Amino acid sequence: MINEVKKLWPELEWIKDDDLRNKTTQTWVLALERSVLSPEDLQNIPFTLLIPDLKISFMTHKRAVVHIARESGKKINEFFKNDLPLNMDVLISGAILADVGKLLEYEIVEGKTRQGNYGKYLRHPFSGVSLAEECGVPAEVCHIIASHANEGDLVKRSTEAYIVHHADFMTFLPFKNRLEV
Ligand SMILES: [Fe+2]
């Protein structure tokens, strides 16, 4: 499974710290072992169940969020330097793990993916933290998973968590509801 995770996520190589890269990888391995979804499913299912007839796949969206978060982090470092410090490894790991809990949210009924009972009780920010902590992922990364979605509006976000939150929502909201003229 570890090689399949590395194939799904070439961006893991961007994490410089060996320990954090391994724990981030391991969290995805664990999620896939416990999920009804296969690595291949992730390349095919739509990235959200909230938008009908969506063609963008789960992996395309998740990887886009990681790329946008990384580029944003680089620009913030370049323009604000020590006035707004951020940790690129934490940012990238958090972006890769933000939606890992979604793998436990789904069930497949008659060939169709839908939210299962576990996912109704524990949305992916919660199940994601649970999986990541099991793999020893540190608190500053779990914080990003916990606060990336709407639930996180009640939390004081770190700089890295703000970036992942906005990278995620800027690539979700226009698909869901945008001004078209
Ligand atoms: Fe999410």
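This is a predicted model: local features need pLDDT of at least 70, side-chain atom pairs count only at pLDDT 80 or more; totals for chains, interfaces and linings use all residues.

Colleague: Which residues coordinate the iron ion?

Modeller: Donors are N, O and S atoms within 2.8 Å of the metal (3.2 Å for Na, K and Ca), and water is not among the atoms, so the site may look incomplete. Along the chain the donors are spaced D-x24-H-x23-H. At 2.1 to 2.2 Å, the coordinating residues are D99 (OD), H124 (NE2) and H148 (NE2).

Colleague: Is D99 buried or exposed?

Modeller: Buried means under 20% relative accessible area, exposed over 50%, and partly exposed in between (1.4 Å probe, protein chains only). D99 has a relative accessible area of 6%, so D99 is buried.

Colleague: And which residues does D99 touch?

Modeller: D99 is found in the loop between α5 and β1; helices (H or I, at least four residues) and strands (E, at least two) are DSSP runs, numbered from the N terminus. Contact means heavy atoms within 4.5 Å. Leaving aside residues up to four places away in sequence, D99 touches F58, K62, H124 and H148.

Colleague: How many Å³ of space lie in the largest cavity?

Modeller: On a 1 Å grid over the protein atoms alone, a cavity is a set of points where a 1.4 Å probe fits but cannot get out, and lining residues have an atom within 4 Å of a point. Grid points are joined across faces, edges and corners, and a volume is the space filled by probe spheres set on the points. The count comes to 1 cavity of 30 Å³ or more, and its space is about 70 Å³.

Colleague: Which elements give two or more residues to the lining of the largest cavity?

Modeller: The lining includes D99 and H148, along with W9, K62 and D168 among others. The elements that give two or more residues are α4 (58–80), α5 and α9.

Colleague: What covers the buried residues of α9?

Modeller: Buried residues of α9 include V164 and D168. Their cover includes α4, α5, α8 and α10 (173–176).

Note on methods
Residues are numbered from 1 along each chain as its sequence is written. Side-chain values use heavy atoms; hydrogens and water are left out. On a 1 Å grid over the protein atoms alone, a cavity is a set of points where a 1.4 Å probe fits but cannot get out, and a pocket is an open set with protein on both sides within 12 Å along at least five of seven lines; lining residues have an atom within 4 Å of a point.
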